[in-house]
Amino acid sequence: MDLKTAIETRSSVREYTSEPVPEADLREMVRLAGCAPSVNNSQPWRYLAITNEALRVRMAEVVRGRLIEVLPPDPGDEAERIAHEKLLEFCTWFGRAPALLAVKTRDYEAVLDRALVRWGLTREEAARLRGHPNAVSVGASVENLLLAATALGYASCWLTGPLVAARELESLLDIGAPWRLGAIVAVGKPLRETRQSPKKPLDDIFELIA
Ligand SMILES: Cc1cc2nc3c(=O)[nH]c(=O)nc-3n(C[C@H](O)[C@H](O)[C@H](O)COP(=O)(O)O)c2cc1C
């Protein structure tokens, strides 16, 4: 599959067949994810491939438990109840995917970050001023991963909703400082034919300053 086709056919898929994803394919996806650009080529990522079903189910359970704690116990009306159910599903369906790639990330401190902090900014202010290069680098790598999965004939979905239970997930996955959980990517063979969700027309997203 050429790159343009992979870009144009990738879509977020949330229902998969039970077909396992071989380790060799997961390794190839991660190899290609590792080709992404990153701030100062820091490559602030490591991928945990999770094929163990019991662990995937447990991960989804801890996210569900956390959300139930966070959401008001008594939704005001039917519409709010449905919205809560949708949110629970949005953040926990990944437990049914045949494979997960959990992205661990760690902060990279560039010379300019240190200078800005010495100059009086907080770390958060410095990161904002620099365009959050760490998070953006991880995003570039995850997009590579999604496109690699597409090219290898898999469907995928990038999730950050489960990070509401980041602390619990990190403990479950044995992720300790300086690493933290950055995102989860679900991967598998799609249950049905997929189609990319509608995207804005080019003229809505392109401006030329000549
Ligand atoms: C940073 C990020 C976080 C996302 N988190 C979730 C998530 O927690 N659960 C989920 O089901 N989809 C999640 N998605 C998928 C988006 O809902 C999806 O990309 C969007 O609806 C556009 O659809 P498409 O990917 O098919 O083009 C996330 C996507 C991104 C880029």
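Q: What share of the 210 residues is buried?
A: Buried residues make up 27% of the 210 residues. Keep in mind that this is a predicted model.

Q: Okay, and how far does the C-alpha trace span along its principal axes?
A: About 50 × 45 × 40 Å.

Q: How many helices and strands are there?
A: The secondary structure comes to nine helices and four strands. Reading from the N terminus, the elements run α-α-β-α-α-β-α-α-α-β-α-β-α.

Q: Of the contacts with a separation of 6 or more, what share is between residues 24 or more positions apart?
A: That share is 85%.

Q: Let's zoom in on a helix. Which residues of α2 are buried?
A: Helix α2 covers residues 23-33, and its buried residues are L26, M29, V30 and A33.

Q: Why do they end up on the same side of α2?
A: Because they cover an arc of only 95° around the axis, these residues sit on the same side of α2. On the other side of the helix you'll find A24 and R27, which are exposed.

Q: And what do the buried residues of α2 pack against?
A: They pack against three elements: β1 (45-50), β2 (99-105) and α7 (133-151).

Q: Nice. Now, how do α3 and α4 sit relative to each other?
A: Helix α3 is residues 53-70 and helix α4 is residues 78-92; their axes come within 9 Å and cross at roughly 150°. An angle over 145 degrees counts as roughly antiparallel, so α3 and α4 are roughly antiparallel to each other.

Q: Is that crossing left-handed or right-handed?
A: The crossing of α3 and α4 is right-handed.

Q: Which residues meet there?
A: From α3 you have A60, V63, R64 and L67, and they meet L87, L88, C91 and T92 of α4. Sorted by type, the residues of this contact divide into six nonpolar, one polar and one charged.

Q: Changing topic: where is E125?
A: E125 is in helix α6, which spans residues 123-129.

Q: Buried or exposed?
A: Exposed. E125 has 12 C-beta neighbours inside 10 Å, and a residue with 12 or fewer counts as exposed.

Q: What separates the C-alpha atoms of E125 and L181?
A: The two C-alpha atoms are separated by 21 Å, and the residues are 56 apart along the chain.

Q: I'd like to look at the backbone too. Where is there a cis peptide bond?
A: Look at A177 and P178: a cis peptide bond joins them, with omega about 5°. P178 is found in the loop between α8 (166-172) and β4 (180-188).

Q: What about phi at N40?
A: N40 has a positive phi of about 50°, although N40 is not a glycine. This residue lies in the loop between α2 and β1.

Q: How many other C-beta atoms lie within 10 Å of N40?
A: There are 13, and N40 is partly exposed.

Q: And what is phi of H132?
A: Phi of H132 is near 45°, again a positive value in a residue other than glycine. H132 is found in the loop between α6 and α7. With 14 other C-beta atoms within 10 Å, H132 is partly exposed.

Key
Residues numbered from 1 in each chain as written. Predicted model: local features only at pLDDT ≥ 70, side-chain atom pairs only at ≥ 80, totals over all residues. Buried ≥ 20, exposed ≤ 12 C-beta atoms within 10 Å, placed from the backbone. Helix = DSSP H or I, 4+ residues; strand = E, 2+ residues; numbered from the N terminus. Arc of directions from axis to C-beta. Contact = placed C-beta atoms within 7 Å. Axes fitted to C-alpha atoms, helices over the stretch in contact; angles between N-to-C directions. Parallel < 35°, antiparallel > 145°, perpendicular 65-115°, else oblique. Left-handed = near helix turned anticlockwise from the far one by under 90°. Nonpolar A, V, L, I, M, F, W, Y, C, P; charged D, E, K, R; others polar.
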